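Please work through the following exercises with the sequence and the coordinates at hand. Each task is followed by a solution in steps.

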Amino acid sequence: MTSTTGDRIQAPRPIHPRPEPRSGLLYPPRFMALLGLVVFLVALVLPFVNASQYMMSIGTQALIYIMLAMGLNIVVGYAGLLDLGYYAFFAVGAYTAGVFNTALHVPLIWTVPMVIIACIAAGLIIGGPTLRLRSDYLAIVTLGFGEIIRLTANNLEVTGGPSGISGISTFEFFGWSFRDGLEIAGIEFPGYVLLYYFCLVVGGVLAVVAASRLGRGKLGRAWRAIKDDEDAAEAMGINTYTTKLKAYVLGAVFGGLAGILMGAHQTAVSPTSFVFLNSALLLMAVVLGGMGSIPGVIIGALVISLLPELLREVAEWRFLVFGVLLVVMMIFRPAGVWPSTAVLPFLKFRAPGQKPSPRDGFGDHDEDPATAPADENIDKSKEQA
């Protein structure tokens, strides 16, 4: 029976005691945090193992790709909006930073607020009138938006036309830039290594933590409700239009910030970098890894960004390999490599008689309801009487 203490209502105690959740390092959130820390440390020491310019360039591109995938995961994985023109926001960020840096000589770090404003405006302009559409219609509109941005950049004089913008500088802080390099305790860090570390912190840590926190919060739960059933979410009181618009704008900001990093890395931008094929590959990374899953999206982004380098010997066939890989994945793991409802392997091995705890995570989707254990918190006293 529900009891009250003062003005607060206390939840009734369960009839049968629940099993204790996993503790220590086996507690799932703690285990995932430890796994993320190990991956971060491995990426941190990579320059001490191999600091060649080629290796650092590949690592920097992979980190930028992870940041892009985090933004698209908010739009597609969390909110369920099929966006085929996400690379347009990447172009908006890269071109905004490039124009301010080369034409107006604004330091690259000071272009960040301008890029954020430009991406928010672009997200509102394209998302405002179109997010009332769903599924196929929304995909066609976003595809057109991506092509409009690319063609506009290809025909404007301020964006350099087909030649694009070159000579973008790197990041500078109080008169010191990454290009100057740095020496700490006798260890020399060239400019490209410092840029790799900057992308590791911004793209690999801040973007992942921000996307993870957004997905777990109130806004993230609203996005998932819309993704599951938009009509039901609206009936529950969620303003589906503004909630989807927030996802679209936040995804645009992620894409724009990744565009700044790309401009600093390549020192040039051109319309050929923002063709539809790149948007399709980025969407493939999210689907391949697992929509809505942070670890899965990281795996998908790494596969899509690093596989072209591994297949350099057969460059003509790499898109065929991509297609075969996607077909095989959709047959054997349609939810992705690491789905958002994945159960950690060690949670499947329990001591005899030990029952799963609600805090251990989600159960398997293919569990038979007829053989599933009954809810222990249901009061069956009246039924038994």
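The exercises below concern a predicted model.

**Exercise 1. Identify the residues that touch the most other members of the largest nonpolar core, and list the contacts of F171 beyond four places in sequence.**

Solution. 
Step 1. The largest nonpolar core has 85 residues, and within it M70 and F171 touch the most other members.
Step 2. Helix α2 (residues 53-78) supplies the largest share of this core, with 14 residues.
Step 3. Once its neighbours within four places in sequence are set aside, F171 is in contact with L108, I109, W176, S177, F178, L195, F198, I260, L261 and A264.
Step 4. Another core of five residues lies apart from the largest one; A222, I226, A233 and I238 are among its members.

**Exercise 2. Locate H105 and T267, and describe the phi angle of H105 and that of T267.**

Solution. 
Step 1. Most residues other than glycine have a negative phi.
Step 2. H105 is not a glycine, yet its phi is positive, at about 60 degrees.
Step 3. The position of H105 is the loop between α3 (87-102) and α4 (112-130). With a relative accessibility of 66%, above the 50% cut-off, H105 therefore counts as exposed.
Step 4. T267 likewise has a positive phi, near 60 degrees, without being a glycine.
Step 5. T267 is found in the loop between α9 (240-266) and β8 (268-269). Its relative accessible area of 32% falls between the cut-offs of 20% and 50%, so T267 is partly exposed.

**Exercise 3. For residues 109-128 and residues 280-307, report the helix content and the distance between the end C-alpha atoms.**

Solution. 
Step 1. An unreviewed UniProt entry assigns the feature "transmembrane region" to several ranges, including 109-128 and 280-307.
Step 2. Residues 109-128 are 85% helix and 0% strand, with end C-alpha atoms 29 Å apart.
Step 3. Residues 280-307 are 86% helix and 0% strand, with end C-alpha atoms 15 Å apart.

How values were computed: Residues numbered from 1 in each chain as written. Predicted model: local features only at pLDDT ≥ 70, side-chain atom pairs only at ≥ 80, totals over all residues. Heavy atoms only, no water. Helix = DSSP H or I, 4+ residues; strand = E, 2+ residues; numbered from the N terminus. Buried < 20%, exposed > 50% of the residue type's maximum accessible area, 1.4 Å probe, protein only. UniProt positions renumbered as here; feature names shortened; annotations may be inferred. Core = buried A, V, L, I, M, F, W, Y, C linked by side-chain atoms within 4.5 Å. Contact = heavy atoms within 4.5 Å.
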